[in-house]
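Hello,

Here is the structure I promised to hand over. Please have a look, then read the notes below.

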Amino acid sequence: MTTVEEIEAAVGRPAPTVLMKQLDRLDDGCSTVIAHSPIAGFGYVDVAGRRQATFIGGAAGFVRVESPARLWVPFRADTPEEQPADGWGISLVFLLPGVGETLRLNGALTAREDTGLTVQVHEAYVHCARSILRSRLWQPALSSPQPPAAPPGGEGPLHQLDVARFLSLSPFLVLSTGDAAGAGDTSPRGDRPGFARALDGRTLVIPDRKGNQRADTFHNLLQDQRIALAALVPGRDEVLHLHGTAQITTDPRLLETMALRGRPPQAALIIDVHDAAVTGSQAVEQARLWDPEADVDHGAVPDLIALATQHAIANPTNVAGTPPALLMKPLAVFPRFTRWAMNLGYRTALSKEGYDDQTSHSGPLRRLRRLLAPLLRHGTTAEAPARGMNRATRRMRITSLHRETASALTITMEDAEDPSSPISFRPGQYFTLITDIGGRTVRRAYSASSAPGSPRLQVTIKRVTDGLFSGHVHENLRAGDTLEILGPSGSFGIDTEATDEELIMIAIGSGITPMMSVIRTALAGQAPARLALLYGNRTQNEIIFAEELDRLQRQHPGRLTVTHRLTRPTPEWTGARGRLDAHAIRHWLDQLTPDANARYLLCGPAPVTHIARAALRDLAVPDDQIHTESYNSATTDSAAPATGPHQMSVHRDGHLIGTVLIEPGQTLLNGGLDAGLPMPYSCTIGNCGECMAELLTGQTVMSEPNCLTRQQQAEGHILPCVSHPTSDVHIDITEE
């Protein structure tokens with residue numbers, strides 16, 4: 001489509017009442033909404049000439065209303081090229097968690113500072129709730145999402161794995177466009193997850209379903225084809241940023257591929273994507289969008305439908321067909337009736353489009369359904385302790401997920417029964433996470449990355465190839481989901497309050513996670529007086545906690561030093577290069593000149609920690625000053641022998657306590673726990689030795705590497721967590 005007439009033929013003209021509710025200033029109702037909104041979609045044109053879209057905010061009141069015609073908006077671009085350009089429009093769409101309608105605002109940049117922008121208000125109006133309702137933005141899915149789509153074939157930005165997966169899970173985005181005069185507009189779009197679909201590595205298609213018929217995005221694209229979008233996935237703290245150029249189509253063959261119950265959209269956007277990237281968003285994380293407790297207080301803000309009605313009464317137009325203000329005043333006098341009528345209209349319209357009832361997730365019903373969501377999603381296993389626990393587990397509710405790198409995700413949890421209850425552990429210890437995946441109970445151990453004593457526990461999980469648990473965490477977990485945790489466990493780390501000695505840390509990859517717990521705890525107190533970290537990775541993009549480590553160095557000069565070493569750096573990298581081998585470690589220590597009483601923490605893959613420990617011994621560091629945590633990748637079913645089923649008989653203190661059939665690919669531990677046998681365990685991946693048992697009869701295959709010594713194996717000991725039977729077996733789990 002290339003003309004206004006073609007657009008109006010496809011989507012219609014807006015009703016006169018839609019045009020009446022637009023203001024050229026902010027009234028008290030708009031100011032109240034802005035004061036209670038913790039986040040907004042934000043669109044502009046940068047100094048490089050690209051249109052940009054993102055989310056800004058983090059807490060209610062982040063935008064300051066200076067007058068009915070002027071706002072101060074906090075914003076700092078990541079690079080000079082991404083700063084807003086003078087002379088172009090600024091646009092926002094304010095979201096209220098738990099509310100369907102949004103407040104859209106368009107204006108112009110009048111002044112720019114290092115920390116924010118002054119925006120002149122040109123127009124403000126309430127946008128209908130269809131995009132929020134279609135996307136179920138404030139309601140966690142009541143069933144597991146479909147597996148994320150694989151990247152499309154060919155080259156291009158959409159071929160990136162993280163971009164393709166994010167698009168396949170995203171039900172909501174904002175679109176930023178503008179006209180030839182420089183005015184801007186940011187519009188919300190919502191639909192089923194994955195509605196923005198990649199046709200190839202560079203082409204994205206977005207369906208356009210019925211709305212208020214203003215069609216601002218379409219009209220803008222007739223004059224300026226530049227477009228940008230920012231997309232969200234409920235429960236995650238990342239944003240997908242994308243920009244390019246767009247055109248509008250009504251090609252029936254394409255629209256049919258996006259039909260719902262046989263009803264295709266009225267049109268579609270086809271975007272030629274220039275750049276796309278998934279990045280962590282501090283605004284989304286701090287706004288706690290996916291936490292039901294963060295829902296806006298409905299008594300503190302006006303009902304947005306009633307507010308739109310008031311705007312229409314106060315702002316009559318000369319458009320033909322506009323109803324007299326006198327006829328509309330009863331709608332403002334009886335706001336509950338107006339809300340009921342509007343919800344009925346939403347329900348009817350969305351049903352005609354092919355959606356199920358989408359209106360019951362607002363207000364109190366929404367909160368009730370969110371409270372029930374974990375039970376409905378996971379069944380009784382999410383609400384009751386896992387069977388066979390030899391120690392008490394704790395049920396935790398996920399409050400947020402934050403992307404540290406493309407392959408590392410931090411999940412924040414609180415006690416599901418008592419959210420204010422502190423989580424106690426020693427910095428460096430780990431917890432075993434337990435959940436159901438595909439009808440199976442799966443357990444994996446992860447180090448805490450947060451400091452102890454807070455009601456919020458954080459673990460940072462790096463995705464591993466074919467990792468069952470890590471893949472589930474990265475693709476399926478949402479805020480509001482629940483997990484069981486066992487622990488804390490492990491002896492790694494030191495008592496940071498009991499020593500004023502130096503603390504020297506060496507970490508590789510995800511080995512940084514227990515170190516972060518130690519660093520955060522130590523820097524919150526007075527001891528140890530000096531901390532030094534040598535951290536190895538392959539590339540800059542794989543450095544977990546990169547920004548926080550840099551910030552902590554600046555905040556604690558002379559107390560914390562961080563040295564990064566990369567094996568595959570980009571040419572502009574100015575830091576240390578090469579593998580973290582004995583020579584590199586000795587060179588770093590020579591420059592550091594640690595005290596003779598310094599304590600050493602080593603964490604990473606077993607081969608690297610062995611090299612580091614040997615290097616320290618060569619420097620005459622006593623063994624009692626070295627603390628090591630080696631890790632192995634969790635075993636996957638694909639590595640298990642496909643024999644069986646075989647019978648396992650479990651004994652304790654000479655007495656038979658149970659017999660269970662171990663299916664092909666199942667470990668002895670998982671088979672025993674699934675049958676309800678009280679088998680001991682902790683890490684579940686062969687690192688800790690907590691589950692060690694004696695093999696009385698039969699044959700097993702045990703995954704390597706693991707923590708058993710050759711002597712222990714020769715004496716007939718096995719680790720059930722990484723052992724698979726190749727015959728019927730009898731084992732003894734007596735603790736001694």
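The protein has 19 helices and 33 strands. Both are DSSP runs, numbered from the N terminus: helices are H or I with at least four residues, strands are E with at least two. This is a predicted model: local features need pLDDT of at least 70, side-chain atom pairs count only at pLDDT 80 or more, and totals for chains, interfaces and linings use all residues. Residues are numbered from 1 along each chain as its sequence is written, and side-chain values use heavy atoms, with hydrogens and water left out.

Burial next. Of the 736 residues, 54% count as buried (under 20% relative accessible area, 1.4 Å probe, protein chains only). Take contacts (heavy atoms within 4.5 Å) between residues at least 6 apart in sequence: 71% of them join residues at least 24 apart.

Seven strands form an open sheet, antiparallel in its pairing, in the order 2-1-5-6-7-4-3. Two strands pair if DSSP finds at least two bridges between them. Strand 2 (51-57) and strand 3 (64-67) stand at the edges with a single partner strand each, so one side of each has no neighbour in the sheet. Neighbouring strands are turned by 30° against each other on average, direction ignored.

Inside the sheet, strand 1 (residues 39-45) runs antiparallel to strand 5 (residues 89-95), and five bridges join them. Ala40 stands opposite Phe94 in strand 5.

Helix 3 (residues 28-36) lies across strands 3, 4 (70-74), 5 and 6 (102-112). Its angle to strand 6 is about 85°. Axes are lines fitted to C-alpha atoms, for helices over the stretch in contact, and angles run from 0 to 180 degrees between N-to-C directions.

Best wishes

Conventions
Buried means under 20% relative accessible area, exposed over 50%, partly exposed in between (1.4 Å probe, protein chains only).
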